[in-house]
Amino acid sequence: MKKFYISLLGSALVSIVVLGWLIDAFSQQAHTPQDEFSVQSKMMMGFSKQLANIPTSERGAYVKQLGEEFDLSIDYKPNESLALPPSLLLQMHAVGGLILEDQQGFYMLYSNQALNPFHISMRLKKSADTDKRNDIFLTLLFYAGLCILMGFIIAPLAKRLSVLNEAAKQFASGNTQARINASHFTYIRDVELTFNRMASQIEKLVAENKLMASSLSHDIRTPIACLRFGLDAALDTHDEKKIKTYLERMENDLDHMESMLKSYLAFATLEQNANKLTYSSTNIKHYLEDILVQLAPKLESQMLSADLNSSTDIIVADLHWLARAITNLLTNACDFAEQYIYLSAKVHERQLIITVEDDGPGIAQENFKNVLSPFFREEDHRNRADKSYGLGLAIVEKVADWHNGTISVSKSKHLGGACFTLSITQHYKS
């Protein structure tokens with residue numbers, strides 16, 4: 001919009017100056033006093049020829065008599081009575097004389113060699129109607145030209161606003177893929193790009209909500225069925241020991257449902273944290289060592305070995321959410337690794353690159369993209385992590401997106417299992 005304001009203001013100033021100059025030049029050429037008072041000019045030249053034949057002492061009375069006979073305001077005076085510069089005094093000797101303007105209107109001065117050092121002056125009457133019509137015409141011409149020039153500036157804006165309005169209508173009608181082809185030659189390019197980002201974000205949220213609703217309705221059926229079976233069995237038996245066993249199973253099913261709902265709700269509200277990131281700096285090697293210390297009990301319980309290979313660069317990121325993402329990757333590796341986990345980190349061209357590899361069964365190549373989607377779990381791996389709801393890697397992808405980064409999946413070259421590569425952009429402090 002800044003570009004539009006500058007263009008509009010600059011165009012307005014240029015158009016006012018150019019139109020004013022053109023109209024002024026046109027006015028001077030089309031309505032010169034010499035053209036308008038050509039008849040009076042010829043009369044003055046005729047009077048001067050008659051005065052040349054009259055004695056000098058009688059010329060004043062003769063001019064007065066001419067004024068009365070022709071109903072003209074005409075005088076015969078010496079040149080000394082005029083407070084004019086020499087250049088204008090010389091113009092009185094030109095053909096047509098000198099026409100000047102004062103508060104009362106116009107008046108003509110004429111002299112020649114026969115009249116010198118005297119001159120004839122005549123008050124000129126100008127048609128008020130003509131002046132008024134000319135003023136109205138020139139005013140209308142000025143505003144019409146201004147409107148045309150402003151139209152050239154505003155027309156592209158109106159066109160792009162109509163495109164934006166049409167895209168917004170399509171989006172509101174349910175077409176979440178509606179986007180604007182942003183043009184470089186537009187005043188509202190920032191607005192168009194912002195609309196596209198907003199539309200992409202809303203489309204992503206809508207898709208995630210649909211997926212979450214579908215996954216929740218699918219995953220919650222099992223514990224509900226178990227609850228129904230346990231309740232029916234408890235009602236049908238009179239053995240207190242069996243009833244207690246059924247109730248314990250039902251309690252476990254309720255705990256499972258509660259854990260599932262908490263995970264789903266936490267993921268649903270995760271996007272609210274996107275604008276609450278707090279950046280700070282740390283040594284990447286020490287940072288990863290602390291994370292491994294926190295995961296040591298899990299590694300020991302599953303008899304896994306984790307190797308770290310990291311540079312000692314200083315990184316800048318939201319350390320809380322970055323730790324959450326790395327922990328999710330390591331936890332995922334623990335669930336599928338056989339013996340070894342390999343963690344590495346380096347900084348390359350403002351990018352922090354972290355890789356987590358394991359020696360587990362790996363991930364099928366056709367699922368490399370799907371595994372990062374919320375609620376996705378490979379069928380062969382469902383029993384390896386009983387409390388997994390397919391959200392850990394989806395959270396990693398969100399954290400990467402918040403840091404203007406990416407998360408990718410491949411096969412580990414070192415260990416043969418899965419390899420996750422997290423790359424985030426560094427936010428260096430100025």
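In strand β3, Leu109 is the bridge partner of Leu98. That link belongs to the pairing of β2 with β3 (residues 105-110), which is antiparallel and covers 5 bridges. The model is predicted. It holds an open sheet of 4 strands and an open sheet of 5 strands. Side-chain links include 3 salt bridges and 4 aromatic pairs.

**The sheet of 4 strands**

- The strand order is β1-β4-β3-β2, and the pairing is antiparallel.
- β1 (74-78) and β2 (98-102) stand at the edges. Each has a single partner strand, so one side of each is left without a neighbour in the sheet.
- On average, neighbouring strands of this sheet are turned by 30° against each other, direction ignored.
- Helix α3 lies across β1, β3 and β4 (118-124). Against β4, α3 runs at about 150°.

**The sheet of 5 strands**

- Here the order is β6-β8-β9-β11-β10, with mixed pairing.
- The edge strands are β6 (305-310) and β10 (406-411). Each has a single partner strand, so one side of each lacks a neighbour in the sheet.
- From one strand to the next, the twist averages 15°.
- β6 pairs with β8 (residues 340-348) in the parallel sense, over 6 bridges.
- Tyr340 in β8 is the bridge partner of Ser305.

**Salt bridges**

- The count comes to 3 salt bridges.
- Glu192 and Arg160 form one of them, at 2.8 Å from N to O. Glu192 sits in helix α7 (residues 189-219) and Arg160 in helix α6 (residues 128-172). The two are 32 residues apart, so the pair links distant parts of the chain.
- Glu192 is buried because its relative accessibility is 0%, and buried means under 20%. Arg160 also counts as buried, with a relative accessible area of 14%.
- Glu203 and Arg179 form a salt bridge whose closest N and O atoms are 2.5 Å apart. Glu203 lies in helix α7 and Arg179 in the loop between α6 and α7, so the pair ties together parts that are 24 residues apart in sequence.
- Glu203 counts as partly exposed at 24% relative accessibility. Arg179 is partly exposed too, at 29%.
- Lys298 and Asp335 form a salt bridge, with the closest N and O atoms 3.7 Å apart. Lys298 is in helix α11 (residues 296-301) and Asp335 in helix α12, 37 residues apart.
- Lys298 counts as partly exposed, at 26% relative accessibility. Asp335 is buried, with a relative accessible area of 17%.

**A buried charge without a salt bridge**

- Asp318 lies in the loop between β7 (314-317) and α12 (319-336).
- Asp318 is buried yet has no salt bridge. The nearest side chain of opposite charge is Arg324, 10.0 Å away.
- Beyond its neighbours within four places in sequence, Asp318 is in contact with Lys276, Leu277, Thr278, Tyr279 and His403.

**Aromatic pairs**

- The structure holds 4 aromatic pairs.
- Phe47 and Phe70 form a tilted pair, 5.6 Å centre to centre, with 55° between the planes. Phe47 lies in helix α3 (residues 38-51) and Phe70 in helix α4 (residues 59-70), so the pair ties together parts that are 23 residues apart in sequence.
- Phe47 is buried, with a relative accessible area of 6%. Phe70 counts as partly exposed, at 44% relative accessibility.
- Trp321 and Trp402 have ring centres 5.2 Å apart and planes at 90°, so the pair is edge-to-face. Trp321 lies in helix α12 and Trp402 in helix α13 (residues 392-402), so parts 81 residues apart in sequence are tied together.
- Trp321 is buried, with a relative accessible area of 10%. Trp402 is buried as well, at 8%.

Conventions: Residues are numbered from 1 along each chain as its sequence is written. This is a predicted model: local features need pLDDT of at least 70, side-chain atom pairs count only at pLDDT 80 or more; totals for chains, interfaces and linings use all residues. Side-chain values use heavy atoms; hydrogens and water are left out. Two strands pair if DSSP finds at least two bridges between them. Axes are lines fitted to C-alpha atoms, for helices over the stretch in contact, and angles run from 0 to 180 degrees between N-to-C directions. Buried means under 20% relative accessible area, exposed over 50%, partly exposed in between (1.4 Å probe, protein chains only). Lys and Arg count as positive and Asp and Glu as negative; His and the chain ends are not counted. A salt bridge is a side-chain nitrogen of Lys or Arg within 4 Å of a carboxyl oxygen of Asp or Glu. Contact means heavy atoms within 4.5 Å. Rings of Phe, Tyr and Trp (its six-membered ring) pair if their centres lie within 6.5 Å; planes under 30 degrees apart count as stacked, over 60 as edge-to-face and the rest as tilted.
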